[in-house]
Amino acid sequence: YTPTGPAIIMGPISPFPRPGSLLGSGGKFYERSKPQYATVPVSQFSSVRDGGATGDGVTDDTAALTQVIATAAKSGKIVFFDAGTYKVTSTLYIPSGSKIVGESYPNIMGSGTYFSDMLKPEPVVRVGTTHERGSIEWSDMVVSTQGATSGAILIEFNLASSSSAPSGMWDVHARIGGFA
């Protein structure tokens, strides 16, 4: 291409085949916009910091995060991860009905011996359990590891969602292998 348009045209490009199982009505791919929660009152959010998590990258936040997520899912509230790095030393479970949003891409960081056995891998984050049905919304976060974590599975997704209430992950990034 040049500033005035294409210099050489090779001909039409055939589209990739679209498996029927991925298509909605009209033969198009399903799409769903990222939730913004702009009309949701502040009282419907649960901050993980208010729930006892530190997000300092040093303190083990597993118990605090588990409690905040479970309580919010049961009460229909949205979990708000304040900016920070949240160290977890065992699997963080996200149940059906959860809505989670991060501020400036907070990091859930798996760390420790629980994630270090390559022969017995464990997830840092588990969405749903085997045979669990329902939906979640999760956006604007990072899941990563710290140190020797050869047995870490970053995200394990087990939740079966119906087409009328599908799950979604928007801008949830996985980072493995270290970072500064």
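Biologist: Is D140 buried or exposed?

Modeller: Remember that this is a predicted model. Buried means under 20% relative accessible area. D140 has a relative accessible area of 13%, so D140 is buried.

Biologist: Where does D140 lie?

Modeller: D140 sits in strand β9, residues 137-146. Look at its backbone too. D140 is not a glycine, yet its phi is positive, about 60°.

Biologist: Which value does phi take in D171?

Modeller: Phi of D171 is near 55°. That is a positive value, and D171 is a residue other than glycine. D171 belongs to strand β11, residues 168-175.

Biologist: How does D171 count by relative accessibility?

Modeller: D171 counts as partly exposed, because its relative accessibility is 35%. The band for that label lies between 20% and 50%.

Biologist: Now the sheets. How do strands of a sheet pair?

Modeller: Strands of a sheet pair through backbone hydrogen bonds, either parallel or antiparallel. Here, three strands form an open sheet with parallel pairing. The order is β5-β8-β10.

Biologist: Which strands stand at the edges?

Modeller: β5 (92-94) and β10 (152-157) do. Each has a single partner strand, so one side of each has no neighbour in the sheet. On average, neighbouring strands of this sheet are turned by 20° against each other, direction ignored.

Biologist: How many bridges pair β8 and β10?

Modeller: Five bridges, in the parallel sense. Strand β8 covers residues 122-127. For a place to look, find R126: it stands opposite E156 in β10.

Biologist: Next, aromatic rings. How many aromatic pairs are there?

Modeller: The count is three. To read a pair, check the angle between the planes: over 60 degrees counts as edge-to-face. Take Y37 and F45. Their rings are 6.3 Å apart, centre to centre, with 85° between the planes. That pair is edge-to-face. Y37 counts as buried at 13% relative accessibility, whereas F45 is partly exposed at 24%.

Biologist: What are the values for the rings of F81 and Y86?

Modeller: Their centres are 5.3 Å apart and their planes stand at 90°, so this pair is edge-to-face as well. F81 and Y86 are both buried.

Biologist: Last one. Which side chain does a polar contact join to that of S111?

Modeller: The side chain of Q146, at 2.8 Å. S111 lies in strand β7, residues 107-111. With a relative accessible area of 7%, S111 is buried.

Biologist: Which residues is S111 in contact with, leaving aside its neighbours within four places in sequence?

Modeller: K87, V88, T89 and, again, Q146.

Key
Residues numbered from 1 in each chain as written. Predicted model: local features only at pLDDT ≥ 70, side-chain atom pairs only at ≥ 80, totals over all residues. Heavy atoms only, no water. Phe/Tyr/Trp six-rings, centres within 6.5 Å; stacked < 30°, edge-to-face > 60°. Buried < 20%, exposed > 50% of the residue type's maximum accessible area, 1.4 Å probe, protein only. Helix = DSSP H or I, 4+ residues; strand = E, 2+ residues; numbered from the N terminus. Polar contact = N/O pair within 3.5 Å; in protein donor to acceptor, adjacent residues only side chain to side chain. Contact = heavy atoms within 4.5 Å. Pairing = 2+ DSSP bridges. Axes fitted to C-alpha atoms, helices over the stretch in contact; angles between N-to-C directions.
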